[in-house]
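Take a moment with the sequence and the fold.

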Amino acid sequence: MGHINFVELKLLLNILFVAILVNGHGSQTETQPEFLAPLDNLTVTQGRDVSFTCVVNNLGQYRVAWIKSDTKAILAIHTHMVALNQRLSVTHNGHNTWKLHISHVQLNDSGSYMCQVNTDPMRHQSGNLEVVVPPDILNSNDPNSASLEEGVANENGNIQLVCQAVGVPLPNVQWRREDGKDIVIRTEGREKQVMKAVEGERLILNQVQRTDMGGYLCIASNGIPPSVSKRYDVQVNFAPSVRAGNQLVAAPVESHVMLQCIVEAFPTPLNGWYKNDGVKLYQGEKYVIVEEKINAFTWQLNLTIRHLQKTDFAPYVCSSINALGKADARIRLQELRLPPKPTTTPTPYVPPTPKQPRRKQHHQSHGKGSHEGNGKGAGPGNGFNRDSYIINHIQENDMLGGFVSEVPPKGAYGTGAGYGSGAGGMYGPGTNHGTGPGGNSLEKVRNTQMPASIPSRQPPHWILNSNGAMASSRAGSNAVLLVAVLVSVLPRWTATRWSGLVTTLASSCSLMIYSLLMLLTVT
C-alpha cells in the first residue's frame, strides 16, 4: 500500500464523517437545520481567553462540527475534540447552542473559524479571530549597539539613536526629550529644525552641542495599551569654560565676601580656587568652598572669605580641568574704604509734664511772701486767670451784698518767678518764694503779669454783718471796686519796661471798661 500524505488523510476523514452522520439521503420533506445567529468577529489581546458561539435550531439527527477555515483542520465534532490542542474545548447546553473555547490566545490562533452542519449540501457560518499584541521595544543583540542606546560624541560630532519596536498592529515610534525641551535637527548647511517630536525608529543628531545633552525617550504605541518607552542618554564631551560672576569685587576690612564663577564642562571636571600666587585654597575657618551642580554640564562655584584682612586683597583664580582641556577665570578683590562714622551724643529723653486742669480755689495765706520773678511758676499752686478773677470778685460782692475786699499785703505782687513753700494763697506773675506757711505757684499768663490775689470770703472786721449795713454799702461798692482795679494795674506799670508800656495800657483799659460794664449790670 502506497504512502498516504496528511492532506489525503484529512480528506478521507471528512468523507467518513459525512458517511457516518448522514443516514442515507433522508426524506426531502424533513425540516432542515438553520442558524439563528451569525458568528461574531472577535478581537482579543494575546494571552486572554475567547469563545465562539454557534446557535442551530432544528438540528435533528445532524451534527455540528468546528473547523479552522484557513488550515481546513477539523477541531471538534459535536462534543468530541479532534484537534490535539489543550487550549481548545467545546461545550453544548443540551439544546441548540455550541461553543468553541480558546484559552491563552496566541498570535497563531488568528484566522477564520467555521461552524458547520453536515447537511447535504453542508451548511456553515464563519467568524474571524484577530489577536493583537501590545507594543514592545527590542533590545539589540549587537554587542556594538551600546553606542546606539547611549549616544556619546564630542561637541560638533554626530549621534544616531535606533529604537526597534514590535507589536500587532505594527507600533508607531516617536522621539521626545525627557525634560520637555525641543529636539534640534541640524543639517550640513547650518540649517536647523526645532521640533517637539520626531517620528521614526532612528534619530540622527548632527553637529551636536552641549545643549543637546540629556535624556531622549523612544515611545512606541499601536493603539493597544499599554504604550511603552525606552530612555536613551545623549552625552556631549567638551573642554571646560569658566565665567566669573564679577571680575572686580570690593569689600571692607573685617567683613565676609563671596566670589562666584560658573563652570561648563563634560565629562565632570576637577574644579578649585587658587590665589594669584598659585596657592590652592582649601575648606576651613578662613575659606568656605561650595560647589553646586546646576545641570548635567554646569556647576556653580562659590568661595567665601571670612574676616577680611589687608593681606586678603588680591586676585583669585577659579580653575576647572577635564580630559579635554583646562580653563580658569580671574577675580580681583580690593578693599572698600568706608567713610568714618559720625560720633553723636544721643539727646536724653525728657518726658513731658502733664498739664493740671484749672480749677477755682481760694486759699488763705498767713505767711509773708517775698517774690523774685523769672516769669514761670513752679510749685504746688494753681494757675491764675485775670478775667475770671474779676468775675469772681463781682460774684462774691453780689453774694455779700456789697464789695468785700482786703488790700493785699505789701509784697504780694511780683514781676518775676515766685516759689511757694506752703499751701497758701499768694499770687504772683511767676513762681512764689514763700517764707510763710504758704504760697501758690501760678501759670504763666499774658504779658507775664498777674493781678492781685483773690480775697478771702470772710469779711474783715470793718464790714457790717447786718442786712441794713450791707444794703447801705452797695452804693459805695462800685467806687471801691474801681479802686481795686486801679490798685491791681498801677504796680504793673511800675514793673513793666517802656517797650511794654503800650501793651500794658491797652490791656488795663480793656479791664477797666469790662469792670465798668459789670458795675452797671450789678447796680
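**Cysteines, bonded and buried**

Cys163 has a relative accessible area of 0%, so this residue is buried. Buried here means under 20%. Cys218 also counts as buried, at 0% relative accessibility. This is a predicted model, and each value in this text is computed from it.

What joins Cys163 to Cys218? A disulfide does, with an S to S distance of 1.8 Å. The torsion about that S-S bond is about -70°, so the link is left-handed. Cys163 lies in the loop between β12 (159–162) and β13 (165–168), while Cys218 belongs to strand β19 (residues 214–221), so the bond ties together parts 55 residues apart in sequence.

A disulfide is a covalent bond between the sulfur atoms of two cysteines. The structure holds three disulfides. Number the bonded cysteines in sequence order, and the pairing of the protein chain reads 1-2, 3-4, 5-6.

Cys54 is joined to Cys115, S to S 2.0 Å. The torsion about the S-S bond is -75°, and the link of Cys54 and Cys115 is left-handed. Distant parts of the chain are linked here: Cys54 sits in strand β3 (residues 50–57) and Cys115 in strand β9 (residues 111–117), 61 residues apart. Both cysteines, Cys54 and Cys115, are buried.

Next comes the pair of Cys261 and Cys318. Their disulfide has an S to S distance of 1.9 Å. Which hand does the link of Cys261 and Cys318 have, left or right? The torsion about the S-S bond is about 40°, so this disulfide is right-handed. The pair links distant parts of the chain, with Cys261 in strand β22 (residues 257–266) and Cys318 in strand β26 (residues 315–322), 57 residues apart. Cys261 is buried, and Cys318 is buried too.

Finally, widen the view to the protein chain as a whole. How many helices and strands does the secondary structure hold? The count is five helices and 29 strands. The protein chain has 523 residues, and 38% of them count as buried. Take the contacts with a separation of 6 or more: 64% of them come from residues 24 or more positions apart. The accessible surface of the chain comes to about 31,300 Å². Carbon and sulfur atoms account for 55% of that surface.

Definitions and conventions:
Residues are numbered from 1 along each chain as its sequence is written. This is a predicted model: local features need pLDDT of at least 70, side-chain atom pairs count only at pLDDT 80 or more; totals for chains, interfaces and linings use all residues. Side-chain values use heavy atoms; hydrogens and water are left out. A disulfide is a pair of cysteine sulfur atoms within 2.5 Å. Helices (H or I, at least four residues) and strands (E, at least two) are DSSP runs, numbered from the N terminus. Buried means under 20% relative accessible area, exposed over 50%, partly exposed in between (1.4 Å probe, protein chains only). Contact means heavy atoms within 4.5 Å. Accessible areas come from the Shrake-Rupley method with a 1.4 Å probe; for residues, only the protein chains shown count as cover.
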